[in-house]
Amino acid sequence: MPARLLIPRNDYLASGLHIGMKQRTADMKEFIYKIRSDGLSVLNLRKVDERIRSAAKFIAHSHKVMVVGRKQVAHEPMRKFCEVTGCECVVGRFLPGTLTNPKFRKYFEADVIVISDPLTDYQALQEAVSARVPIIGICDTFNETRNIDLVVPANNKSRKSIATLFWLLAREVLKLRGTIKSDSEFKHTIEDFGGREEYERFDRYESQYEEGEEGGERDDRDRDRNLDRGRNGRGRGRTR
């Protein structure tokens, strides 16, 4: 019998964690459940859940973990995750030599590295490969997974999706370490990982997408893009 999901299925759907892109690579085919009528990919929630569990085990049993993300939408969730779990956080530009040059002032000898997007975090990915550091990659349907040791399939373009993912990872890591014994002891909320203002604005823009047995799926990706544009006038969440 399949293990129970880490959070209720409807909470996963509301987060948009399962919503992929219209672009798809052969590497990510195994994680795609179906293609919606509007062309967007839908990730298999069971596989998403399983990989989050696997990533949490990997992180919990490692001493020096570095979490890397260049994309703006990942910064707040990453910082909160590292604050809660004690991991090393690198947001924005990844400086050359961070993993490969012991003489560099910001050198870090990592046991494992987590990257929020293999495409935008290419410098960190290449250095981890050179330093033989295991790589956990949060991969959307358009990502290639070469050199990624553990793929976590997820919508990595949405603030709400990434906040949910890092919130879940933090909770599971603390449970595996014995810091907390149950879900109820984890007092942080998903909003703590993603910015309360964004969540309040999501409520005003929310709409449902009805289709087949996945009825009620929500396309948070488009809403994230619109919210980011409204917030800074530059379309920061725009998909490349």
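On this tour, two residues "meet" or "touch" when heavy atoms lie within 4.5 Å. Keep in mind that this is a predicted model.

**Stop 1: a pair of helices.** Select residues 45-60, which make up helix 2, and residues 159-177, which make up helix 5. Their axes come within 8 Å and cross at roughly 50 degrees. Angles from 65 to 115 degrees would count as roughly perpendicular and those under 35 as roughly parallel, so helix 2 and helix 5 are oblique to each other. The crossing is right-handed.

Now show the side chains where they meet. On helix 2, pick Ile-52, Ala-55, Ala-56, Lys-57, Ile-59 and Ala-60. Their partners on helix 5 are Leu-165, Leu-168, Leu-169, Glu-172, Val-173, Leu-176 and Arg-177. Color this contact by class and you'll get 10 nonpolar, three charged and no polar residues.

**Stop 2: the core.** Which residues have the most contacts inside the largest nonpolar core? Select Ile-52, Phe-81 and Ile-113; the core they belong to has 64 residues. Helix 5 gives the most to this core, with 10 residues.

Zoom in on Phe-81. Leaving aside residues up to four places away in sequence, Phe-81 touches Ile-59, Val-67, Cys-87, Phe-166, Leu-169, Ala-170 and Phe-193.

**Stop 3: Ala-128.** Head over to helix 4, residues 122-130, and click Ala-128. Is Ala-128 buried or exposed? Its relative accessible area is 1%, so Ala-128 is buried. With residues up to four places away again left out, Ala-128 touches Leu-99, Ile-113, Val-133 and Ile-135.

Notes. Residues numbered from 1 in each chain as written. Predicted model: local features only at pLDDT ≥ 70, side-chain atom pairs only at ≥ 80, totals over all residues. Heavy atoms only, no water. Axes fitted to C-alpha atoms, helices over the stretch in contact; angles between N-to-C directions. Helix = DSSP H or I, 4+ residues; strand = E, 2+ residues; numbered from the N terminus. Parallel < 35°, antiparallel > 145°, perpendicular 65-115°, else oblique. Left-handed = near helix turned anticlockwise from the far one by under 90°. Nonpolar A, V, L, I, M, F, W, Y, C, P; charged D, E, K, R; others polar. Core = buried A, V, L, I, M, F, W, Y, C linked by side-chain atoms within 4.5 Å. Buried < 20%, exposed > 50% of the residue type's maximum accessible area, 1.4 Å probe, protein only.
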